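User: I've got this model open and would like to go through how its pieces pack. Could you take me through it?

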Amino acid sequence: MPTSRRSFAVAAVAALVLPLSACGSGGGGGSSDASGKVEGDITFQTWNLRANFKPYFEGLIADFEKKYPGTHVKWIDQPAEGYADKISADAAGGTLADVVNVSPDLAAPLAQAGLALDLDKAAGQYKKEYLEAAWASQQVPGLEGTYAFPWYLNTGPLFYNKSLFEKAGLDAGKPPTTYDELFGTALQLARKTDGEVATLANVPTIEDFGRYGVPLMNEEGTAFAFDDAKGVELLTRYKELYDAGGLDSQALTATPESSGKKFLTGAVAMNPGSALDLANFRKQAPSLYENIGITDQITSTGHVNMYVMGLLVNSQSERKSAAVAFARFVTDAAHQMSFAKQVAVFPSSAGSLDDAYFTEEDGTDETRVRVAAAKSLKTAVNYTPVLFSEQMKTELRNEVAKALQGKQSPEEALDNAVKACDRLLKQQG
């Protein structure tokens, strides 16, 4: 399972856009007809799941083959490292699997290249079986259609270290719930500890701008817009935080993993995460676990961030009926529930989040986080634009770093980032 932002998240690594843009004309190439008998051999590619979930998937495949005699599913699992490059090479070489585990940003260039089956045409009758926002997350601006079955979702709370709050004279029972409170808390903690303890370990990402209420793209999805006044306001506040020591000194080069380690060791006071993290805290940092505080994601929009995975069907597959049937089988309500209980993720199937497993607490932190996250997912948003590639993330990060270091103003930084991202966006077309 990809271990990126927020513990595993959607791992946006779509640097494959350019190699694929010449492979097709977009809009789901090949026939969209997935009718006919479900039979034949298909390949199913997952993203770093074999090591921890081999029995689950082997059982899943056996059940599918039993339900549809005459089918055979060959399971291929790829490591997290280089996953986007692997998809790019397979797509260019005509060896893309029949069913592929993707995040929306990885599906987008495949759809643009005509290699993703349009499920609105091929399997639109199943749309009602999924959460509306999850189905919509698999759509690509500029193209009509939906290009993957929604699979598992995740979101999570904001964790904080109560002991660090108390040492700084802050009320550990009243964590920040707004951005004003967050930045105020961070500045106070930095002052009280003489800059030794930062509150946050990461520079703002595109999803942070989204949660702050910044418009990320124009309505047509043809240009980026996060350099508006509100975007400049957010980056200016981060600059103040950086100068005061409220943002970790290594934030400019931080990774999700390094940020997590900072939180584990008490170098930073707050860090976003998911229900997956609690078991890690208990095992790796018992003293932190005893002092762990849990609060909601901070957002100005009223909607938390949602990470979503999907299963794309190769539009060039010679066994579309079997591929569609298998992708739906993996993502139906029953199988999503069973997977969610094993992995501490959340189902995208309609109605599943109303199950007692996601609505009833038993007094433990684990169920508290799970119930709260499940509730928030009903209205959550995948803030990262589908067309926001890894190259664009790098451009934004570089410009943000220059602003924090005082090499340019926040306004100049975001203007430059938008120009670079718009240029890359045009190259995708």
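User: Which helix lies across β5, β6 and β7?

Analyst: First, the ground rules: this is a predicted model, where local features need pLDDT of at least 70, side-chain atom pairs count only at pLDDT 80 or more, and totals for chains, interfaces and linings use all residues. Residues are numbered from 1 along each chain as its sequence is written, and side-chain values use heavy atoms, with hydrogens and water left out. Helices (H or I, at least four residues) and strands (E, at least two) are DSSP runs, numbered from the N terminus; axes are lines fitted to C-alpha atoms, for helices over the stretch in contact (heavy atoms within 4.5 Å), and angles run from 0 to 180 degrees between N-to-C directions. The helix runs at about 140° to β6 and spans residues 256–264: α11.

User: And what is the strand order in that open sheet of three strands?

Analyst: Strands count as paired if DSSP finds at least two bridges between them. β6 (270–272) and β7 (292–295) each pair on one side only, as edge strands, while β5 (residues 158–161) pairs with β6 over three antiparallel bridges. Neighbouring strands are turned by 25° against each other on average, direction ignored. The order is β6-β5-β7.

User: Which residue in β6 stands opposite tyrosine 160?

Analyst: Tyrosine 160 counts as buried, at 4% relative accessibility; buried means under 20% relative accessible area, exposed over 50%, partly exposed in between (1.4 Å probe, protein chains only). Its opposite number in β6 is methionine 270.

User: Is the ring pair of tyrosine 160 and phenylalanine 165 stacked or tilted?

Analyst: Rings of Phe, Tyr and Trp (its six-membered ring) pair if their centres lie within 6.5 Å; planes under 30 degrees apart count as stacked, over 60 as edge-to-face and the rest as tilted. Phenylalanine 165 is buried, at 1% relative accessibility. The two ring centres are 4.9 Å apart with planes at 45°, so the pair is tilted.

User: What about tryptophan 151 and phenylalanine 339, how many residues apart are they?

Analyst: Both are buried, and their ring centres are 5.5 Å apart with planes at 15°, so this pair is stacked. Tryptophan 151 is in strand β4 (residues 149–154) and phenylalanine 339 in helix α15 (residues 333–343), which puts them at a separation of 188 residues.

User: Which residue follows α15?

Analyst: The buried residues of α15 include His335, Met337 and Phe339. Among the elements covering the buried residues are α2 (50–67), β4 and α14. The residue after the helix has a positive phi, near 65°: alanine 344.

User: Which ring does arginine 50 lie over?

Analyst: A charge sits over a ring if NZ of Lys or CZ of Arg is within 6 Å of the ring centre and within 35 degrees of the ring normal. Lysine 230 does this with tyrosine 212, at 4.8 Å. Arginine 50 is at 4.0 Å from the ring centre of tryptophan 75.
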